[in-house]
Amino acid sequence: MQETVDVEVLDIDETTTAEEVLTALFASLECDIPARATPHMRKAYGGTQIATLALQPVIANKVLESGKVRIGWVVCRVRRKIDPKRCFRSSQDLLSQTVREERIDVAILSEPYVEKHEGQWHQSTDGKAAMWSCGQPPCQLTQRLFRNGFVRAKCGNTYVYSVPLAEFGAIIEDIAQDARSRSPVLIAGDLNAWATEWGSKSTTPRGAILLDTLASLQVCLLNTGTKSTYSKAGRESIIDLTFASPLLARCSKWCVSDLYIHSDHLAVLTTVSLTSDRSAGILQHASYKTDSLDRDCHLRMVDGLCVRGDANGSAEAIADTITEACNVSMTTVRRGGNHHRPVVWWNADIAKARRECHAARRRCQRARSSPMYDLYASQFKRKRKELKEAIKASKARHFQELCDAADLEPFGAAYKLVMKKLCRQPMPTCPRQLGQIVHALFPRQPHVEYPVSLHLRNNTIVLTDIDESGALVNRSLREETISKWQRKWDQSNNGRWTYRLIPQLKPWHSLDPYCELCGEGVLEDAEHAVFHCPLFAREWEIAVGDNARLTPDNIVATMLSSVSGWSAISNMASIIMKELRRRERSRREAI
């Protein structure tokens with residue numbers, strides 16, 4: 001890769017093409033046009049355009065020396081493009097703490113800086129949209145879909161969509177087409193669209209496209225109030241939007257958080273029920289610490305308790321009185337404990353720096369048009385820098401402590417932290433996904449006849465190759481093994497009563513384990529007898545017909561298809577078993 005410098009050409013006429021910009025720009029330099037110098041054209045104010053080129057430093061310096069270039073009838077300004085420095089890492093560090101403070105289960109992000117290792121993380125193919133299951137424990141995300149510009153996953157009974165702002169029209173159409181066959185749905189993200197329906201001053205073409213497209217989905221807008229979701233350099237707007245199906249909108253809550261997250265976008269908190277409605281009616285009973293009971297206070301609260309009126313009224317009055325007495329006389333227990341603990345590097349100093357940074361930002365925003373703005377802006381920059389340095393120092397210090405602790409205790413906190421990151425994915429519960437995993441890990445193998453057979457001779461394993469006639473067993477080795485067993489059986493002092501019944505072992509071990517019709521080398525097991533042996537071809541035809549073939553893959557489906565199918569397979573199995581028993585008796589009698 002070569003070093004490049006971004007150069008902007010401004011005030012270009014709206015009819016000028018990228019080829020005309022290149023020709024005019026390099027004509028003044030009297031040099032060849034580089035192969036990769038393709039300008040990116042975008043619209044600007046007043047019917048003009050801006051072209052952005054990535055040039056080598058030597059060529060860029062020559063272009064920037066004059067500061068202007070004539071393109072057609074217009075003299076255009078040329079300048080170096082300088083992107084403002086942004087600290088996305090600090091924003092995502094604060095996000096890790098914010099989801100714990102607010103007890104967030106699923107976080108929807110636009111343009112994430114880096115993938116999170118805790119919980120489940122899924123993002124679009126272009127990396128612009130992401131979805132993070134950050135609850136404790138993480139919510140199971142199933143039926144995931146990753147496309148260019150958005151990501152979809154099913155959380156509980158709800159289909160959640162994370163949408164960014166790039167290539168708006170095509171992405172919204174894809175989301176609408178995917179969401180029409182699913183319900184309920186939740187669509188959220190930085191849509192960067194203005195419309196009077198959610199508090200903007202006017203409706204832009206982007207907002208009109210969004211309204212028209214989502215109207216076919218019958219979703220409701222959850223944004224309430226006129227508080228802005230984006231604020232930068234004195235400009236505020238509502239561009240972070242949340243849409244949900246009517247089933248979710250009835251019991252949802254939406255608000256803009258005041259927590260400082262080191263971003264131009266404010267945190268939007270949406271509360272909906274992502275699970276089944278059956279759990280909504282379950283009563284949540286309070287628990288108490290019995291060792292904190294104040295007996296005197298409890299007795300005073302229940303003093304004078306008696307039955308009055310009908311049975312239902314008396315029961316409710318007694319229950320309310322006892323509950324109030326327990327609340328006053330005992331300490332309640334927090335059900336489930338504190339599952340959302342702070343991130344490991346969080347401390348009181350960072351929390352204080354965050355509060356001070358948030359306060360400095362609010363003062364700076366409110367003093368936009370006052371003489372004190374420059375002072376408040378400098379204070380905000382200083383506080384923001386202190387917050388970033390505090391987070392960086394705390395993370396470095398904690399990492400060094402983990403390294404030191406790993407030397408002293410190999411299976412301590414450092415080991416648990418690494419294993420948690422390696423095994424962060426919860427066990428899947430979707431039957432379809434489990435079936436795909438099983439088929440991938442344990443694929444069905446075709447029937448294989450191995451070209452060798454193992455035999456034991458003088459405590460040594462001998463490999464016998466299959467010859468052209470198909471013989472698999474070396475009969476001399478088998479007879480030698482049976483003779484050795486017979487000598488041990490004659491000389492043993494155990495099992496003498498059985499010895500009187502079975503003095504000779506050869507008749508019991510001389511049975512051929514291979515199919516009599518198919519020849520040596522083909523084991524006469526259940527699979528061969530039912531599906532492969534031509535001896536029972538007539539039974540196959542009776543069971544499934546002439547045009548069908550019975551296989552291990554369709555035998556169960558054939559049995560379950562109808563009552564006649566079940567009876568046919570059952571009769572075929574019975575006939576095969578009877579024929580095999582008859583042949584076995586005949587072979588024994590011949591011995």
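1. The secondary structure of the chain consists of 19 helices and 22 strands. Both are DSSP runs numbered from the N terminus: helices are H or I with at least four residues, strands are E with at least two. The model is predicted, so local features need pLDDT of at least 70 and side-chain atom pairs count only at pLDDT 80 or more, while totals for chains, interfaces and linings use all residues. Residues are numbered from 1 along each chain as its sequence is written, and side-chain values use heavy atoms, without hydrogens and water.

2. Of the 591 residues in the chain, 32% count as buried, meaning under 20% relative accessible area (1.4 Å probe, protein chains only).

3. Take contacts (heavy atoms within 4.5 Å). Among those between residues at least 6 apart in sequence, 57% join residues at least 24 apart.

4. There is 1 cavity of 30 Å³ or more. A cavity is a set of points on a 1 Å grid, over the protein atoms alone, where a 1.4 Å probe fits but cannot get out; lining residues have an atom within 4 Å of a point. The volume of the largest cavity is about 90 Å³, taken as the space filled by probe spheres set on the points, which are joined across faces, edges and corners.

5. Residues lining the largest cavity include Cys-515, His-528, Phe-536 and Arg-583. Two or more lining residues come from each of α16 (526–532) and α19 (563–590); α19 gives the most, with 3 residues.

6. The lining of the largest cavity divides into 7 nonpolar, 1 polar and 4 charged residues. Nonpolar covers Ala, Val, Leu, Ile, Met, Phe, Trp, Tyr, Cys and Pro; charged covers Asp, Glu, Lys and Arg; the others, Gly among them, are polar.

Methods:
On a 1 Å grid over the protein atoms alone, a cavity is a set of points where a 1.4 Å probe fits but cannot get out, and a pocket is an open set with protein on both sides within 12 Å along at least five of seven lines; lining residues have an atom within 4 Å of a point. Buried means under 20% relative accessible area, exposed over 50%, partly exposed in between (1.4 Å probe, protein chains only).
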